[in-house]
There are 2 protein chains.
Amino acid sequence: MSYLTEVKWDKNGLVPAVSQDFASGKVLTLAWMNEDALKATVAEGRVVYWSRSRKSLWRKGEQSGFIQKVRELRIDCDGDSILLIVELTEPIACHTGRATCFYKRYQADSWLVTEPVIKDPTDIY
Amino acid sequence: MSYLTEVKWDKNGLVPAVSQDFASGKVLTLAWMNEDALKATVAEGRVVYWSRSRKSLWRKGEQSGFIQKVRELRIDCDGDSILLIVELTEPIACHTGRATCFYKRYQADSWLVTEPVIKDPTDIY
């Protein structure tokens, strides 16, 4: 599959993959893919990462049910990072129950939480 | 500076940093920051990365003049990646003269170029 040869995997066989909500434009999550994760994402049309902590494929939403359908899969000029433009079943991408993992904003030498919890994580997992 | 202690640098002292155009919502670039780059970004209010190839601070736009003013600086739930929401002087973020580095889209087992060259790179650098 020729698209795989253009990806410049790092020495651990990974590339960072950023997801963006097609509807809101919000940047959601930065996670990682290996070759198997990218192949599964293409084959299944949904976001599949490689979990570095669990050392296994991580089908986004496998526990929460909030799967992310891939609308566009993009690669950057250097071939060493991936952009996933996704459609959400629920507007929640973070394990904290927030819309995005990037919910803390720099202000006055600290990080302020700026996004509300939409759903209590104990009700999700 | 307390904001620095919340960042989980990798074993090379880096975190991935994604930039997004405030005006268009486009995801522009994925690059890297070390502590000095993050401090410089905060101090100067513009995007400063760490160039892994040159092993030096990389003030985005230092050659092209297309600096990126930081409107929001965000960190994710795990503290191991950064989101920069930026204002552009020109709508060009990629060294190829395109709006975004993510200009290749997966289609039928290959990557198709979907974004035009706005300005010839030989006129930029």
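How many bridges join S1(B) to strand S6 (residues 82-88) of chain B, and do the two strands run parallel or antiparallel? Keep that one in mind while we look around. What you have on screen is a predicted model, and we'll start with one chain before bringing in its partner.

Chain A holds three helices and eight strands.

Now for the sheets, where the two chains get mixed up with each other. One open sheet has six strands in the order S2(A)-S1(A)-S6(A)-S5(A)-S7(B)-S8(B), with mixed pairing. At its edges stand S2 of chain A and strand S8 (110-113) of chain B; each has a single partner strand, so one side of each is left without a neighbour in the sheet. From one strand to the next, the twist averages 35 degrees. At the chain A end, S1(A) and S2(A) run antiparallel and are joined by six bridges. To find the pairing by eye, look for Val15(A), which stands opposite Met33(A) in S2(A).

A second open sheet of six strands runs in the order S8(A)-S7(A)-S5(B)-S6(B)-S1(B)-S2(B), and its pairing is mixed too. Here the edges belong to S8 of chain A and S2 of chain B, each with a single partner strand, so one side of each is left without a neighbour in the sheet. Neighbouring strands of this sheet are turned by 35 degrees against each other on average, ignoring direction.

Back to the opening question: five bridges join S1(B) to S6(B), and the two strands run parallel. One spot to check is Ala17(B), which stands opposite Ile82(B) in S6(B). With S2(B), by contrast, strand S1 (residues 15-21) of chain B pairs in the antiparallel sense, over six bridges. There, Val15(B) has Met33(B) in S2(B) as its bridge partner. S1(B) and S2(B) make a hairpin with five residues between them, and in the turn Gly25(B) has a positive phi of about 80 degrees. As for S2(B), six of its seven residues are buried, so to speak "mostly covered".

Where do the chains join within this sheet? S7(A) pairs with strand S5 (residues 68-75) of chain B in the antiparallel sense, over two bridges. Look there for Arg105(A), which stands opposite Arg74(B) in S5(B).

Which of its residues are buried? In helix H2 (residues 35-44) of chain B, they are Ala37(B), Leu38(B), Ala40(B) and Thr41(B). Seen down the axis of H2(B), these buried residues fall within an arc of 165 degrees, so they line one face of the helix. The spacing makes sense once you know that an α-helix has 3.6 residues a turn, so residues three or four places apart point the same way. The cover over the buried residues of H2(B) includes strand S2 (27-33), strand S3 (48-51), strand S4 (56-59) and S5 of chain B. Just after H2(B) comes Gly45(B), with a positive phi of about 70 degrees.

Over on the other sheet, helix H2 (residues 35-44) of chain A lies across S2 and S5 of chain A together with strand S7 (104-107) of chain B, at about 120 degrees to S5(A). Its buried residues are Ala37(A), Leu38(A), Ala40(A) and Thr41(A).

Finally, take in the whole contact, which involves 31 residues from chain A and 31 residues from chain B. On the side of chain A that touches chain B, S5(A) gives the most, with four residues. The residues of that side divide into 17 nonpolar, seven polar and seven charged.

Conventions: Residues numbered from 1 in each chain as written. Chains lettered and ligands numbered in written order. Predicted model: local features only at pLDDT ≥ 70, side-chain atom pairs only at ≥ 80, totals over all residues. Contact = placed C-beta atoms within 7 Å. Nonpolar A, V, L, I, M, F, W, Y, C, P; charged D, E, K, R; others polar. Pairing = 2+ DSSP bridges. Buried ≥ 20, exposed ≤ 12 C-beta atoms within 10 Å, placed from the backbone. Arc of directions from axis to C-beta. Axes fitted to C-alpha atoms, helices over the stretch in contact; angles between N-to-C directions.
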